[in-house]
Amino acid sequence: MAGTINYSFPLRKFRQGFFEGNQDTIRATRENIKILLMTKKGERVINGGIGTNIPALLGSLFEQIVPAELEVRIRSEIESALRTWMPEVSLVALKIYSEINAQEIGASLDSNQVLVRMKYVLKNADQLVDSVQLTLSP
């Protein structure tokens with residue numbers, strides 16, 4: 001489809017059998033970040049290194065992780081994934097909420113979910129600033 005940078009998720013039918021796509025850099029980058037963070041390492045057949053270990057951290061049944069430690073590990077996963085797979089994105093702010101501190105912002109999370117709020121700058125696009133918020137679970 002002409003003018004489309006990437007697909008918009010969830011996939012929705014668009015014109016003439018195509019899927020709806022993102023037509024500007026901001027939306028395309030936001031979509032790429034969401035996909036990167038929600039992809040489990042090893043899930044992609046050709047390149048198993050793409051993604052994060054966040055779902056494994058959230059779903060650990062045998063290892064009880066202290067919430068503060070979990071936040072540090074998730075932050076490290078996000079920073080590492082962005083540095084490796086999306087170097088055009090510079091992280092400005094990152095806040096991770098769990099079931100314990102989600103009430104601060106009026107959110108309700110299950111014990112195995114985290115809410116990620118991040119602000120970033122696109123280095124190659126005239127320093128455009130954007131943000132993304134998503135809930136991650138195993």
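Glu69 and Arg73 both belong to helix α3 (residues 67-85), where four residues, about one turn of the helix, separate them; helices (H or I, at least four residues) and strands (E, at least two) are DSSP runs numbered from the N terminus. The model is predicted, so that local features need pLDDT of at least 70 and side-chain atom pairs count only at pLDDT 80 or more, while totals for chains, interfaces and linings use all residues. Residues are numbered from 1 along each chain as its sequence is written, and side-chain values use heavy atoms, with hydrogens and water left out.

The structure holds two salt bridges, each defined as a side-chain nitrogen of Lys or Arg within 4 Å of a carboxyl oxygen of Asp or Glu. In one of them, the side chains of Glu69 and Arg73 meet at 3.5 Å, N to O. Glu69 counts as partly exposed because its relative accessibility is 39%, and Arg73, at 28%, likewise counts as partly exposed (buried means under 20% relative accessible area, exposed over 50%, partly exposed in between, with a 1.4 Å probe and protein chains only).

Asp130 forms a salt bridge with Arg30, with the closest N and O atoms 3.0 Å apart. This pair links distant parts of the chain, Asp130 lying in strand β5 (residues 128-136) and Arg30 in helix α1, 100 residues apart. Asp130 counts as buried at 13% relative accessibility, whereas Arg30 counts as partly exposed at 25%. Also in α1, Ala28, Thr29, Glu31, Ile33, Leu36 and Leu37 are buried.
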